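Look at the model shown here and follow the description below alongside it.

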Amino acid sequence: MLKKPNAILFDLDGTLLDTAKDLGNALNQILSTLGRPTVAHDTYRNIASDGAKGMLELGFGDDLKHFDFDKLRQQFLDYYENNICVDTDYFIGVEQLLLTLNKKNVPWGIVTNKPEFLTLQLVTAFPLLENCAVIISGDTLSERKPHPLPLLHAEEKFALTAPNTWYIGDAERDIQSANAANMISVIAQYGYISDKQQTDEWNADLSIHNPSDLLAYF
């Protein structure tokens, strides 16, 4: 039986917020402008955690090498920034979980590879997320996940004498980062995972199928 956590860190996309549709909208806007076929939600959903690079690689395939990638990426980010919360919402169960953590005075934070300017825009749009104790984005530090530094830096902000921190994420890099930081690693199976059987090889401590599953540990 795992010991009850006294702090929790979360990934953002695919863990707290379902951002896939807005990321897909950004991709499809670029594809449509260029007269290329758009991509269905069921196809791009599980690529959403890979950000602009992953989405563009999906949308353009081998043809991507014939385009100016940096220009496409900037167009993607510009459109996404201006339409970041059209179809984005909490995953079912997230609000209940965060309210419970607040009620029980369990500190929690966000560690994401998303650029800070986009991370803060999302957090501002969802006031409950502003209750978090720490936010570390992909460009906050010199390293990003799967390096353990972002998680360790976030944990320091909690200032706990004997931290037992859990990290929840939906990508292999999340689990690698948590394991390297000696935290309890938790797979958010409800997130953007294309091959759930493959997650058995990630060496996580725990898997959850709904954010509310974590409530059992409190």
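Serine 177 is found in helix α8 (residues 172-180); helices here are DSSP runs of H or I with at least four residues, strands are runs of E with at least two, and both are numbered from the N terminus. The structure is a predicted model, in which local features need pLDDT of at least 70, side-chain atom pairs count only at pLDDT 80 or more, and totals for chains, interfaces and linings use all residues. Residues are numbered from 1 along each chain as its sequence is written, and side-chain values use heavy atoms, with hydrogens and water left out.

At 0% relative accessibility, serine 177 counts as buried (under 20% relative accessible area; exposed is over 50% and partly exposed lies in between, with a 1.4 Å probe and protein chains only). Its side chain reaches the backbone oxygen of histidine 147 at 3.0 Å. Apart from neighbours within four places in sequence, serine 177 is in contact with Lys145, Pro146, His147, Pro148 and Leu151, where contact means heavy atoms within 4.5 Å.

The next element is α4, taken with its partner helices. Two packed helices are described by the angle between their axes and the distance between the axes. Axes are lines fitted to C-alpha atoms, for helices over the stretch in contact, and angles run from 0 to 180 degrees between N-to-C directions.

Helix α1 (residues 20-33) and α4 have axes that come within 9 Å and cross at roughly 130°. The two are therefore oblique to each other; angles under 35 degrees count as roughly parallel, over 145 as roughly antiparallel, 65 to 115 as roughly perpendicular and the rest as oblique. The crossing of α1 and α4 is right-handed, a term used if the near helix is turned clockwise from the far one by less than a right angle, with left-handed used if anticlockwise. On the α1 side the meeting residues are Asp22, Leu23, Asn25, Ala26, Leu27, Gln29 and Ile30, and on the α4 side Leu72, Gln75, Phe76, Tyr79 and Tyr80. These divide into 8 nonpolar, 3 polar and 1 charged (Ala, Val, Leu, Ile, Met, Phe, Trp, Tyr, Cys and Pro are nonpolar, Asp, Glu, Lys and Arg charged, and the others, Gly among them, polar).

Helix α3 (residues 51-60) comes within 10 Å of α4, axis to axis, and crosses at roughly 110°. α3 and α4 are therefore roughly perpendicular to each other. The contact involves Ala52, Lys53, Met55, Leu56 and Phe60 of α3 and Phe69, Leu72, Arg73, Phe76 and Leu77 of α4. By class there are 8 nonpolar, no polar and 2 charged residues in the contact of α3 with α4.

Helix α4 (residues 69-82) also packs with helix α6 (residues 116-125), at an angle of about 15° and with the axes 11 Å apart. α4 and α6 are therefore roughly parallel to each other. Leu77, Tyr80 and Glu81 of α4 make the contact with Phe117, Leu118, Gln121 and Leu122 of α6.

Which residues is tyrosine 80 in contact with, leaving aside its neighbours within four places in sequence? They are Asp13, Thr19, Asp22, Leu23, Ala26, Lys114, Leu118 and Leu122. Tyrosine 80 is buried, with a relative accessible area of 1%. Its C-alpha atom is separated by 6.5 Å from that of leucine 23, 57 residues apart along the chain.

Note on methods
A polar contact is a pair of N or O atoms within 3.5 Å; within protein, one must be able to donate a hydrogen and the other to accept it, and residues adjacent in sequence count only if both atoms are side-chain atoms.
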